Amino acid sequence: MSSTWSLPADIEIPVRHPMAPEPGAQMREHWEKCFGCGSDQPTGLGMTFIAGEGLTVEAQFDVAHRYQGGPGVIHGGILSTGFDEAMGTCCMLLANSVVTAHLEVDYARPIVLGSTLKFSCRIDGAVRRKVYSSAEAYVDGSNAPVATARALFVQIDMDQHFKDTKQFIDHF
Ligand SMILES: CCCCCCCCCCCCCCCC(=O)SCCNC(=O)CCNC(=O)[C@H](O)C(C)(C)COP(=O)(O)OP(=O)(O)OC[C@H]1O[C@@H](n2cnc3c(N)ncnc32)[C@H](O)[C@@H]1OP(=O)(O)O
């Protein structure tokens with residue numbers, strides 16, 4: 001796998017928020033209608049998350065047949081959605097609201113329908129409002145990652161960012 005991704009020279013390791021879930025505890029969905037994590041989104045991925053040590057999170061979802069791209073294998077966009085959601089949730093360890101600014105994925109192996117796809121994510125560092133994350137995805141029975149990803153998230157003011165779409169909170 002190859003990438004031109006590099007972390008900035010002035011990157012710092014942020015502090016895990018004292019109110020973040022304990023290592024081993026489940027992390028909550030950020031929005032119940034979210035395609036990635038929402039419990040009120042029947043067509044979504046239904047991802048679940050466990051806080052790890054430090055600035056790490058483990059996540060997973062089952063690769064349902066409706067996520068098919070090529071015959072019998074996951075659609076690449078679904079896999080990148082899983083990375084996006086998993087790494088974004090990892091940023092919640094800082095107790096900040098973030099959105100994805102940049103996401104890149106290296107696809108190493110086809111992922112068969114019916115697999116449980118697991119993600120190991122971490123925060124690599126932060127600069128001002130920017131939070132850098134990386135992750136690997138695995139399927140059961142394989143020690144080698146089936147895909148890897150890197151992403152930049154940017155902290156936002158929720159009220160400002162969603163000021164034009166607030167009606168979706170009451171009328172989905
Ligand atoms: C679904 C939402 C849930 C939200 C609730 C939160 C809950 C917690 C998260 C839970 C997990 C979520 C997981 C799913 C997350 C999504 O899928 S979010 C949906 C997809 N993303 C979007 O829609 C974002 C669209 N983009 C934007 O709104 C704006 O471009 C941004 C990203 C907010 C940045 O705009 P801005 O606030 O005006 O800030 P700006 O000054 O342009 O950039 C800030 C810094 O970032 C850098 N930057 C910005 N974009 C880039 C880029 N593409 N490449 C490199 N650098 C960049 C700038 O250069 C600047 O750097 P410095 O000057 O500090 O060195």
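Me: What does Ala 51 touch, not counting residues up to four places away in sequence?

Reply: Ala 51 touches Ala 20, Pro 21, Glu 22, Pro 23, Gly 24, Ala 25, Met 27, Val 57 and Leu 93. Two residues are in contact here if their C-beta atoms, placed from the backbone, lie within 7 Å.

Me: And where is Ala 51 placed?

Reply: Ala 51 is in strand β1. Strands are DSSP runs of E with at least two residues, helices are runs of H or I with at least four, and both are numbered from the N terminus.

Me: Is Ala 51 buried or exposed?

Reply: Ala 51 counts as buried because it has 22 C-beta neighbours inside 10 Å. The cut-offs are 20 or more other C-beta atoms within 10 Å for buried, 12 or fewer for exposed, and partly exposed in between, with C-beta atoms placed from the backbone. Ala 51 and Cys 121 are 70 residues apart in sequence, yet their C-alpha atoms are 9.8 Å apart in space.

Me: Before we go on, what kind of model is this?

Reply: This is a predicted model, in which local features need pLDDT of at least 70 and side-chain atom pairs count only at pLDDT 80 or more, while totals for chains, interfaces and linings use all residues. Residues are numbered from 1 along each chain as its sequence is written.

Me: What are the confidence scores?

Reply: The protein has a mean pLDDT of 95, with 98% of its residues at 70 or more; pLDDT is the predictor's confidence in each residue, from 0 to 100. The ipTM is 0.97 and the pTM is 0.97. Where pLDDT is low, the predicted coordinates should not be read in detail.

Me: OK, on to the core. How many residues are in the largest nonpolar core?

Reply: That core has 39 residues, and Val 57, Phe 83, Ala 86 and Met 87 have the most contacts inside it. At least two core residues come from each of β1 (48-51), β2 (56-62), α1, β3, β4 (116-127), β5 (130-139) and β6. The most come from α1, with seven residues. A nonpolar core is a set of buried Ala, Val, Leu, Ile, Met, Phe, Trp, Tyr and Cys residues joined through C-beta atoms within 7 Å.

Me: Which residues does Ala 86 touch?

Reply: Beyond four places in sequence, Ala 86 touches Met 47, Val 57, Ala 59, Phe 119, Cys 121 and Ala 135.

Me: Now the ligand. Which residues are closest to the ligand?

Reply: The closest are His 30, Gly 88, Ser 97, Val 99 and Ala 101, out of 18 residues that surround the ligand. A residue belongs there if its C-beta atom, placed from the backbone, lies within 6 Å of the molecule.

Me: Which element gives the most to that shell?

Reply: β3 does, with five residues. α1 (76-91), β3 (98-107) and β6 (147-155) each supply at least two. By type, the shell has seven nonpolar, six polar and five charged residues. Nonpolar here means Ala, Val, Leu, Ile, Met, Phe, Trp, Tyr, Cys and Pro; charged means Asp, Glu, Lys and Arg; the others, Gly among them, are polar.

Me: Where is Gln 155, and what is it in contact with?

Reply: Gln 155 is in strand β6. Leaving aside neighbours within four places in sequence, Gln 155 is in contact with Asn 96, Ser 97, Val 98, Arg 129 and Val 131. Gln 155 and Ser 97 are 58 residues apart in sequence, with their C-alpha atoms 5.5 Å apart.

Me: Why does Gln 155 count as partly exposed?

Reply: Because Gln 155 has 16 C-beta neighbours inside 10 Å.
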